[in-house]
Amino acid sequence: MIDTIKTLCRLPGPSGWEDAVRDWIAAEAAPYADQMMTDALGSLLVFKKGRSTPKEPVLLAAHMDEVGVVIREIDDEGYLRFGFLGGVDRRVVIGKRVWIGKNRIPGLIGMKPIHLTTADERKTMPKLKDLYIDIGAADGDEARGLVQLGDFGVFDDRVLELQNDMLRAKAIDDRVGCGILLTLLKEELPVDTWFAFTVQEEVGCRGAFGAAFRLQPGVAVVVEGTTAADGPASVGARKVCLPGHGPVVPFQDGGTIYDRALFEQITRLADANGIPWQTKTLLSGGTDAQAIQRTRAGCRVAAISAAVRYIHSPSCVGCTRDFEQMAALLRLLLADMEV
Amino acid sequence: MFDLIRQLVLPYGPSGRETAIADTIEALCAPYAQCSRDALGNVIAHKPGPGRRVMIAAHMDTLGLVATFVDDDGFVRFGTLGGVNLAAALHQRVRFDSGVTGVVRADSGTAAKDLAVDKCYIDTCGQPVRLGEVAVFTGEPEQVGDLVISPYLDNRVGCAIAVELLRRSAGASADLYVVFTVQEEVGIRGAGVAAFAVAPELAVAIDVTGASDLPGCENGSTKVGAGPIIKTLDRSTISHPMVTGLLEQSAAALGIAVQHQATSRGGTDAGAISLSRGGVPTGNLAIANRCTHTPNEICSLHDAEQCAAVLAELVRRV
């Protein structure tokens, strides 16, 4: 499963341009799917029968899109101005590599050199208009021959294994969810299950609305990556959650109050089976659950997430042991739903 | 009306944890309507009728403080459910569902202008609290003449109006759905799904609205005790003229003087109901409330009775 997640992290798929990720997942899922379709926005919806039909339709969801950049302007000197797809801290992209468009034109995100800044400027966050992408073009004409306005860009895709089962990659949010869903999809399932690989979560859970409306789930579990801030600057509650301390089961975040009964069921299963779990100590972030919960006449929702450091940056860090435990916890939950 | 308000103010029910108040409300409504509970916990009370399908919504959730972290000394850090007024919450007594009592404090030396949720905590005097548990204000409702002082008149007085409406709906022609919604305070999350299931032809949301009859209130003219408020505008909705018209006619038929309000602050369940499915004509009936979202709110019992009367007349006319 970890190799699947690594492969998925390497694929380019920022919000609105998830094609490469969807194609790969669809090819992997096809031999196992009883039904598979791509909806109008590009979400991939896969149905697989299980040993029994659950009391109400069950949905597992993960989003395929990652944060990235989009080219907004090509100036006459050949530099590219850009905007973000999804919420990205401007400071974390300075000096980072990006790969632009389907042809993967390499570039570097640059900023005004320090000797040209004033003391006041150095105290504040750089403005987006002060950042640019340098692809080494000699002038605007050469640049326009290589990239177009509206091209997407993704961060560097190198995967690094750090100590203690920690993994560095881009897009762990939410290729970890996609990888876990794909792995479960290939196994014998206790109950009929819908798997939704959604699009455009990072720009407002836009794929999840339509997917949930179509599938009409009664129970949905979102499998995600969530923000861990356990670095030296954080104290206490502001660490939010910790990689290596097990799956994160939130009771609430910035967008959803999760179903209490589902939360109790999941955490009870974890405790009974020796799976460590933690919860978020700060009400922040949001998942596709905020869209799914409010679809049609409502749906009961839960989330099982990986604690990921430096989320929404070019280098996410998560713990592969957590990923395995998330899958184990989901297996227990699905088994608990068997009729 | 005071007894009914008291019965509805006391049960626990912050956003996302509405079971106790839902149970109380269902028990009160059961003699008058068929009651059911949906996936998110909304209570839907249906009194069938030959007329148009009408949805009257009152949110039953309250604000709360949710425990997010317990530090090494046992002090509980929290997040807010809804628009909690931190300055008003400071030094107040709060209680968790488990019965654990605590006091809201701010880190020593925090200046008033720096007051923020990450500087606050609850001192539970060493009693343990689980992450995710929610604390609410304590306080016994008190009647002073026509007025009532209590926490959580937002929106348990709205719930009282809705229950009273059901009690007076024997002559109603409408196919009446009175819905007690969840999670309004955290973003109007319950009303939309209830409206999807009910699919009403028109709807009215009942909620409190800020009274402007206190020193220092410059903009606005709403007064406690001056009658039900027909609200035509807030941040969530432009009230549908057809529904506003029905409310006006109903009040006029009973000789009830109403107030009017168009405001740029606040929102109600109408915001979600009006956008449900292909859209629902939705209006707002409001009751003036002093110092909303503080531990001691004040409204008028007579206003509450008159709101119920106006709605009872409306559901006789459709």
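Predicted model: local features only at pLDDT ≥ 70, side-chain atom pairs only at ≥ 80, totals over all residues.
Guide: Buried means under 20% relative accessible area.

Visitor: How many residues of helix 5 of chain B are buried?

Guide: Seven of the eight. Helix 5 covers residues 191–198 of chain B, and it is mostly covered.

Visitor: Which residues are they?

Guide: Ala191(B), Gly192(B), Val193(B), Ala194(B), Ala195(B), Phe196(B) and Val198(B).

Visitor: What do the buried residues of helix 5 of chain B pack against?

Guide: Contact means heavy atoms within 4.5 Å. Here the partners come from both chains. Chain A supplies helix 6 (206–215). Chain B supplies strand 2 (43–47), strand 3 (53–59), strand 12 (175–181) and helix 7 (270–273).

Visitor: Now a strand. Why is strand 4 of chain A largely enclosed by the rest of the structure?

Guide: Count its buried residues. Strand 4 spans residues 68–74 of chain A, and five of its seven residues are buried, so the rest of the structure largely encloses it.

Visitor: In which sense do strand 4 and strand 5 of chain A pair?

Guide: Two strands pair if at least two bridges are found between them. Strand 4 and strand 5 (residues 79–85) of chain A have six, in the antiparallel sense. Look for Gly68(A): its bridge partner in strand 5 is Leu85(A).

Visitor: What do strand 4 and strand 5 of chain A form?

Guide: A hairpin, with four residues between the strands. In the turn, Gly78(A) has a positive phi of about 100°.

Visitor: How many bridges join strand 4 to strand 9 of chain A?

Guide: Two. Strand 9 covers residues 152–155 of chain A, and the two strands run antiparallel. Val69(A) has Gly153(A) as its bridge partner there.

Visitor: Let us step back to chain B. How many helices and strands has it?

Guide: Eight helices and 17 strands. Along its principal axes, the C-alpha trace of chain B spans about 60 × 45 × 35 Å.

Visitor: What does the radius of gyration of chain B agree with?

Guide: With a compact globule. For 318 residues, such a globule would have a value near 20 Å, and chain B has 19 Å, so the two agree. Of those 318 residues, 58% count as buried.

Notes
Residues numbered from 1 in each chain as written. Chains lettered and ligands numbered in written order. Heavy atoms only, no water. Buried < 20%, exposed > 50% of the residue type's maximum accessible area, 1.4 Å probe, protein only. Rg over C-alpha atoms; globule rule 2.2 N^0.38 Å.
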